[in-house]
Amino acid sequence: MAAKSRMPLALLLKQELSSERRMEKPDILHGQASQSKKGEDFTLSMTECQRVPGDDASTFSVFALFDGHNGSAAAIYTKDNLLENVLSAIPSNLSRDEWIAALPRALVAGFVKTDKDFQDKAHTSGTTVTFVIIDGWVVTVASVGDSLCLFESAEGSSYFLSADHRLEANEEEVKRITASGGEVGRINTGGVTELGPLRCWPGGLCLSRSIGDMDVGEYIVPIPHVKQVKLPKAGGRLIISSDGVWDALTSEKALRFSHGLSAEAAAARIVKEAVQIRGLRDDTTCIVVDILSPGKLASPVPPPKKTGKGMFKSIFRKRSFESSSNSGTRHFEPDVLEEMFEDGSAVLAQRLNMEYPICNMFKLFMCAVCQLEMKPGEGISLHVGSSQTGRVHPWDGPFLCRTCQAKREAMEGKRPSRGIWHSQGYHQTSMI
Ligand SMILES: [Zn+2]
C-alpha cells in the first residue's frame, strides 16, 4: 500500500484506465458439433463483426442456430439475410450504449422483414432461430422456436436466455393463436386417442413462432423473444442447441457433460451424448461459446454446486408493458447476470413502440420494419388500431409501409393470412 501511495497520480490513473479497458472486452472461444439426419440445421459463427466499419474497437460477435423444418430453404435464407436485416434497422452514428439499447427493437424489425421477404419467395419451409449477439459483456439473445440458449456463469449459476415456443410449453401462446383464428390440438387417429404434441392447424406445426411457414396461419409469428443481459466479469459459457439435443438431455445433464472441456470438445460431447441416448432421430447441433475474462484463456470449469430444481430460471414470462420497456439497472447477486431488457410479446406495436430507450431511432419517413423510404403521408402509424390510442395519435411515428402494415394485421389475425388463402383444408406437410 505504501509503495502504491507514492506512485504519481497520473500513473495510477493510467493503470486504472488500462485495467478497465482490459475488462471491457472478454475473450471469446467457440466450438460446435452437429450430427445430421435431415440436413436442416444451420449455424452462423462470426467473431469479427464491426459496429463502425474499420474500427477494431467496435468489434462484436454473432452466433446463431437455425433449425429448419419442411425443407432447408427458410433456414438457409435466414442465415444469409437476418444479420443484415437487423443491422440495417439500426440508425448509423449511435454510441455503443445507444447501439446496444437499439438492438432489441432492431432484432424485431429484422426478424419480421426476413420472414416477410422469404414468404414473398413462396417457399413453404420454416425455421427456428436462436440469434446471439455478444458486444463486450452484453449478450443479446433473440429467439423464435425451440432451439434453446443456456448460460452458465463461471460460478455455476444457470439461466435460459431464449424462450421455448413449443405450443406444448406455452399456454399463453395457445391462447394468442386461438384468439387470432387458429386451432390448436393433437392429432386424433379417429378414436379417442390423441397423439403427439400440441399442434396448430392448418399446417400441423408444433411451434407458435418461426420464420417462414407460409402454409400455416400468419399468427405463427416471427416476432422474437429478446433478452439482453450483462454478464458477470468472471464470464461463463453459452450453450446453444437444437431440439435434437434438448429432447435427449436435460439442461443439467448438458452442463455436466460439458464441464472441464474446451468449447469445441464440450459441443462434441453434448451432441455425442444426445445421439447415444436417443439415437439420431433428428438433426442434433450444439454451439458452445466461452466468454472469458481477458487473459484467462481457459474454459471455465464451474464448481459442482447449486444443483437441483429451481436453479434454472425460466424466462418465458409475460411482463406488463411498463416493466418490459427497459429494466435498466436491476441488479442481482454479484456473480450472476444483470438483466438489462426482456420482452416476449407477440404484438408488433408494442415491440416497435417509441417508449423504448431511444425515442428517435426511426427516421420519419422510413418503414420501421423493412426500412423502405416512403413519401410523407404514405406511412401508416404503428398506433393505428393500438390499444394506447389515448396517449398517442395516428400521426405519431414510427410508421409502417403498406405491405408491412398488411403483414402486421395478418399476424394479429385481423385479416386472412396468405397461408390460409393458399392452403385451405388440413394437411400435414409442415409437421416437425
Ligand atoms: Zn415495410
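Started with helix α4, residues 96-120: 19 of its 25 residues are buried, so the rest of the structure largely encloses it. By buried I mean 20 or more other C-beta atoms within 10 Å of the residue's own, with exposed at 12 or fewer, partly exposed in between, and C-beta atoms placed from the backbone. Helices here are DSSP runs of H or I, at least four residues, and strands are E runs of at least two, numbered from the N terminus.

A note on the source: I am working on a predicted model, where local features need pLDDT of at least 70, side-chain atom pairs count only at pLDDT 80 or more, and totals for chains, interfaces and linings use all residues. Numbering runs from 1 along each chain as its sequence is written.

Next I looked at the shape of α4. It bends by about 45° at Leu103, with a proline, Pro104, following within four residues; the bend is the angle between axes fitted to the seven residues ending there and the seven starting there. Just after α4, I found Ala122 at a positive phi of about 60°.

Then I checked the largest nonpolar core, which has 94 residues. Such a core is a set of buried Ala, Val, Leu, Ile, Met, Phe, Trp, Tyr and Cys residues joined through C-beta atoms within 7 Å. Val132, Val245, Ala267, Ile270 and Cys286 have the most contacts inside it. Helix α4 gives the most to this core, 11 residues.

Last, Tyr159: I placed it in strand β7, residues 158-160. Tyr159 counts as buried because it has 21 C-beta neighbours inside 10 Å. Tyr159 and Leu337 sit 178 residues apart in sequence, yet 8.7 Å apart in space, C-alpha to C-alpha.
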